[in-house]
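Here's a quick briefing to read with the model open beside you. Take it one topic at a time and find each residue as you go.

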Amino acid sequence: MPFVRIHHPSGNDPLYPTALSKGVHRALVDVFGIPQDDYFQVLTSHNAGTELIGPAEFLGITHSDDLVIIQITCAEGRTTEQKKALYEAIAENVSNDAGVPRDDVIINLVETKQENWSFGNGHAPFA
């Protein structure tokens with residue numbers, strides 16, 4: 001039940017956001033084992049350098065104007081190894097699918113309890 005936000009630079013090919021979206025979703029299906037139809041995402045384009053900002057270098061990793069920031073909110077319970085595998089799969093997928101340099105893929109994973117989710121009608125199916 002992840003909810004994904006993808007912030008990316010504007011001005012790319014019209015298929016670029018779709019490639020990002022599908023690459024992230026495929027990694028979640030493959031690594032976290034989420035259902036294929038568990039697909040909730042918000043994609044937002046920003047002007048690089050003014051609305052989408054990151055350091056030129058952080059922790060020895062160089063970033064460019066192609067910076068993509070991905071935030072995933074999901075239920076608790078994955079191991080550190082699963083999370084590391086997810087980060088690797090996302091970086092690989094968006095690099096291959098959308099041409100984003102692996103150094104420019106920043107991922108933030110936010111975990112929450114299952115009772116904090118409602119998917120419609122005001123119901124909390126996992127509470």
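Is Arg 26 buried, partly exposed or exposed? Arg 26 is partly exposed, because its relative accessible area is 34%; buried means under 20%, exposed means over 50%, and partly exposed is in between, using a 1.4 Å probe and protein chains only. Keep in mind that this is a predicted model, where local features need pLDDT of at least 70, side-chain atom pairs count only at pLDDT 80 or more, and totals for chains, interfaces and linings use all residues. Residues are numbered from 1 along each chain as its sequence is written, and side-chain values use heavy atoms, with hydrogens and water left out.

**Helix H2**

- Helix H2 covers residues 80-98; helices (H or I, at least four residues) and strands (E, at least two) are DSSP runs, numbered from the N terminus.
- With its 19 residues, H2 reaches 26 Å from first C-alpha to last, which is close to the 27 Å expected at 1.5 Å a residue. That expected span is 1.5 Å times one less than the number of residues.
- The buried residues of H2 are Lys 83, Leu 86, Ala 89, Ile 90, Ala 91, Asn 93, Val 94 and Ala 98.
- Those buried residues pack against helix H1 (16-32), strand S5 (68-75) and S6.
- Just after H2 comes Gly 99, with a positive phi of about 75°.

**A look at Asn 93**

- Asn 93 sits in H2 and counts as buried because its relative accessibility is 12%.
- Setting aside neighbours within four places in sequence, Asn 93 is in contact (heavy atoms within 4.5 Å) with Gly 23, Arg 26, Ala 27 and Ala 98.

**Salt bridges**

- Side chains of opposite charge can pair when their charged atoms come close. To count as a salt bridge here, a side-chain nitrogen of Lys or Arg must be within 4 Å of a carboxyl oxygen of Asp or Glu.
- Searching the whole structure turns up six salt bridges.
- One of them joins Arg 26 and Asp 97, whose closest N and O atoms are 2.9 Å apart. Arg 26 is in helix H1 and Asp 97 in helix H2, so this pair ties together parts that are 71 residues apart in sequence.
- Asp 97 is partly exposed, with a relative accessible area of 34%.
- Another joins Glu 76 and Lys 113, with the closest N and O atoms 3.7 Å apart. Glu 76 is in the loop between S5 and H2, while Lys 113 is in the segment after S6, so the pair links parts that are 37 residues apart in sequence.
- Glu 76 is partly exposed at 45% relative accessible area, and Lys 113 is partly exposed at 42%.
- Glu 88 and Arg 102 also form a salt bridge, their closest N and O atoms being 2.7 Å apart. Glu 88 belongs to helix H2 and Arg 102 to the loop between H2 and S6, so the parts they tie together are 14 residues apart in sequence.
- Glu 88 is partly exposed at 42%, and Arg 102 is partly exposed at 34%.
- Glu 88, Glu 92 and Arg 102 are linked in a network of salt bridges.

**Aromatic rings**

- A pair of aromatic rings is described by the distance of the centres and the angle of the planes. Rings of Phe, Tyr and Trp (its six-membered ring) pair if their centres lie within 6.5 Å; planes under 30 degrees apart are stacked, over 60 edge-to-face, and the rest tilted.
- The whole structure has three aromatic pairs.
- How do the rings of Phe 40 and Phe 119 sit, and what are the distance and angle? Their centres are 5.5 Å apart and their planes at 40°, so the pair is tilted.
- Phe 40 is in strand S2 (residues 40-46) and Phe 119 in the segment after S6, so this pair ties together parts that are 79 residues apart in sequence.
- The rings of Phe 119 and Phe 126 have centres 6.4 Å apart and planes at 90°, so that pair is edge-to-face.
- Ring pairs link Phe 40, Trp 117, Phe 119 and Phe 126 into a cluster.

**A nonpolar surface patch**

- Phe 40, Phe 119 and Phe 126 form a nonpolar patch on the surface, with about 280 Å² of accessible area together. Accessible areas come from the Shrake-Rupley method with a 1.4 Å probe, and for residues only the protein chains shown count as cover.
- Patches are made of residues with over 30% relative accessible area and no salt bridge, joining like charges within 9 Å and nonpolar side chains (Val, Leu, Ile, Met, Phe, Trp, Tyr) within 5 Å.
- Phe 40 is partly exposed at 38%, Phe 119 at 39% and Phe 126 at 42%.
- Phe 126 is found in the segment after strand S6 (105-112).
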